[in-house]
Amino acid sequence: MGKRRHHKGNVISCVTNGGKTTLAKNLQKHLPNCSIICQDDFFKPESEIETDKNGFLQYDVLEALNMEKMMSAISSWKENARCSVVSTDRESAEEIPILIIEGFLLFNYKPLDTIWNRSYFLTIPYEECKRRRSTRVYEPPDSPGYFDGHVWPMYLKHRQEMQDITWEVVYLDGTKSKEDLFLQVYEDLIQQLAKQKCLQVTA
């Protein structure tokens, strides 16, 4: 494997409030040379978000996100990682740039398909997801019936689309403790680093 390939992209994805952001931040604290790109940072302004026939803002669709800008951020990271690897002769795992991309619609955007080295998807049941959602404050706030009328149906639709994925996705039980989830993914990534000396994650 040539030096230009010595950087890893990993993805952590899940339904809303599934725990992906917490997991990604915990991994960043313990993995050397690790960066995070969050899909939520690329939402379009509310004025550009469409509404459906029920008046629900359509946030849980790709059209609500500036994915081109996100891809540009990923490309910039890859270029910086490539330069940092070329500038050193060391081959240790500690020197390998690691990128964690976390978001809720990562497996449904085709241009990202070739980026992942390791993919994780956190799952939680309907009741737990709705409970967690109710404890969060959003801007704009959820309108009455928004979870059942938009959020959950979109999640089910996107999960169905994931059936066409041709690469391995590691499914995680999002009801486990933060510590258990961290250890499961951290140990898996360390094993992958030892094998390949480069990593890219998604969520």
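1. Basis of the values. The model is predicted, and local features are described only where pLDDT is at least 70, with side-chain atom pairs counted only at pLDDT 80 or more, while totals for chains, interfaces and linings use all residues. Residues are numbered from 1 along each chain as its sequence is written, and side-chain values use heavy atoms, with hydrogens and water left out.

2. Helix α1. Helices here are DSSP runs of H or I with at least four residues, strands are runs of E with at least two, and both are numbered from the N terminus. In α1, which covers residues 20-30, the buried residues (under 20% relative accessible area, with exposed meaning over 50% and partly exposed in between, for a 1.4 Å probe and protein chains only) are Lys20, Leu23, Ala24, Asn26 and Leu27. Viewed down the axis of α1, these buried residues fall within an arc of 165° and therefore line one face of the helix, the arc being that of the directions from the helix axis to the C-beta atoms. An α-helix has 3.6 residues a turn, so residues three or four places apart point the same way.

3. Helix α3. Within α3 (residues 126-134), burial applies to Glu128, Cys129, Arg132 and Arg133. Down the axis of α3 its buried residues fall within an arc of 135°, so they line one face of this helix. These buried residues pack against α4 (146-161), with contact taken as heavy atoms within 4.5 Å. Glu127 and Ser134, on the other side of α3, are exposed.

4. Most residues other than glycine have a negative phi, and most peptide bonds are trans. Asparagine 17, in the loop between β1 (8-14) and α1, has a positive phi of about 65° although it is not a glycine, and at 8% relative accessibility it counts as buried. Asparagine 33 lies in the loop between α1 and β2 (34-38) and likewise has a positive phi, near 55°, but this residue is partly exposed at 41% relative accessibility. In the loop between α3 and α4, where proline 140 is found, the peptide bond from glutamate 139 to proline 140 is cis, with omega near 0°.

5. Cysteines. Cysteine 34 is buried, with a relative accessible area of 11%, and cysteine 129 is also buried, at 0% relative accessibility. Taking a disulfide as a pair of cysteine sulfur atoms within 2.5 Å, the count comes to zero disulfides.
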